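Please consider the following structure with attention to its aromatic side chains and their surroundings.

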Amino acid sequence: MNNTNNFNINNISNLSAGLRNIHISSSDHHIDSQGNFISNNQYQQQQQQQQQQQQELIPEETSELREFFNNPTPAEGFSLITHRSAPNGFKIAIILSELNYNYRTIHLDFNKNDHRLPQFLQLNPNGRVPALIDHTHTNSNDNISLWESGSIIIYLVNKKCKEDNNICPQIWSNNLIEQSQILSWLFFQTSGHAPMIGQALHFRYFHSINLPSAIDRYTDEVRRVYGVLEMALSERRETLIMELDSENAESYSSGLTPLSQSRYFDSPVWLVGDRCTIADLCFVPWNYVVDRIGIDLKAEFPEVYKWTKRMMRRPAVIRALTEA
């Protein structure tokens with residue numbers, strides 16, 4: 001008996017599911033899950049429906065940042081997007097607090113790929129933290145987005161200056177020479193201080209292979225950077241003592257009396273001028289974590305230690321470090 005004449009097209013359903021997507025005729029037809037011929041348009045509609053059903057079964061990823069983007073844009077203040085352990089985020093929080101700006105903190109989750117969200121990349125094309133959104137800009141209906149911590153800090157102090165009728169905040173200056181000196185330290189911090197500590201932390205704790213040479217290289221560079229700060233602060237200390245303790249200046253200069261015996265030895269000194277500025281404050285969060293790479297500021301860099309300790313007692317710094 002010739003079984004060919006009794007062939008039923010529905011028997012095709014016994015074929016492997018992987019073969020159902022193969023085009024079997026010039027009319028561009030497919031075979032559905034029941035073994036029936038369907039047109040290409042019908043097939044595409046079925047595929048779209050299946051994809052939609054699968055997406056509905058997958059729970060949507062949630063995070064602080066995604067919720068922020070899904071909600072209406074705030075109408076006032078600033079939104080600081082950072083990570084819970086990012087010193088550069090705390091750096092911006094400190095400046096916002098020092099300037100008495102209202103801000104909300106939104107924490108980005110790298111494990112959920114928040115840094116790759118299109119909405120975040122529109123704010124910061126580099127996909128890193130911090131990023132800041134200014135909802136207070138009055139000259140435009142659009143919010144102002146800022147990225148790179150140094151740029152954000154410069155924006156904030158200049159904004160405050162303009163808001164206060166060109167009266168600059170204490171942590172900034174309207175003097176061109178002082179501005180250039182402050183910015184030199186700010187750029188030194190963002191380019192030479194923070195990245196070196198970050199690399200030292202990475203190779204010590206997160207790199208897949210133990211590389212002592214890399215750990216030593218970056219830790220030594222961090223020590224060199226702190227040596228620059230220690231020298232600058234020590235020179236400021238000596239100048240202060242010579243000015244305020246003039247009756248003993250000759251004794252100090254000749255080496256008969258150590259500077260440590262001066263009653264002004266623990267008086268505050270700053271990198272620029274006679275007050276704390278953004279040149280000083282930008283170092284605080286990274287100084288706070290440097291012990292994790294084996295550097296003891298108190299023992300190795302005493303002036304840096306006193307300087308950092310004094311800044312960490314400032315109310316705005318305390319508020320930023322505890323609330324950000």
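Phe-188 has a relative accessibility of 19% and therefore counts as buried, a label given to residues under 20% relative accessible area, with exposed meaning over 50% and partly exposed in between (1.4 Å probe, protein chains only). Trp-185 is likewise buried, at 17%. The model is a predicted one, in which local features need pLDDT of at least 70 and side-chain atom pairs count only at pLDDT 80 or more, whereas totals for chains, interfaces and linings use all residues. Residues are numbered from 1 along each chain as its sequence is written, and side-chain values use heavy atoms, without hydrogens and water.

The structure contains eight aromatic pairs, a pair being rings of Phe, Tyr and Trp (its six-membered ring) with centres within 6.5 Å; planes under 30 degrees apart are stacked, over 60 edge-to-face and the rest tilted. Trp-185 and Phe-188 have ring centres 5.7 Å apart and planes at 80°, so their pair is edge-to-face. About one helical turn separates them, because they lie three residues apart in helix H6 (residues 176-206); helices are DSSP runs (H or I, at least four residues) numbered from the N terminus.

Trp-185 and Phe-188 form one aromatic cluster with Phe-283 and Trp-307. Trp-307 is one of the buried residues of helix H12 (residues 302-311), which also include Glu-303 and Lys-306. Among the elements covering the buried residues of H12 are helix H7 (212-244) and helix H13 (315-323).

Terms used: Helix = DSSP H or I, 4+ residues; strand = E, 2+ residues; numbered from the N terminus. Contact = heavy atoms within 4.5 Å.
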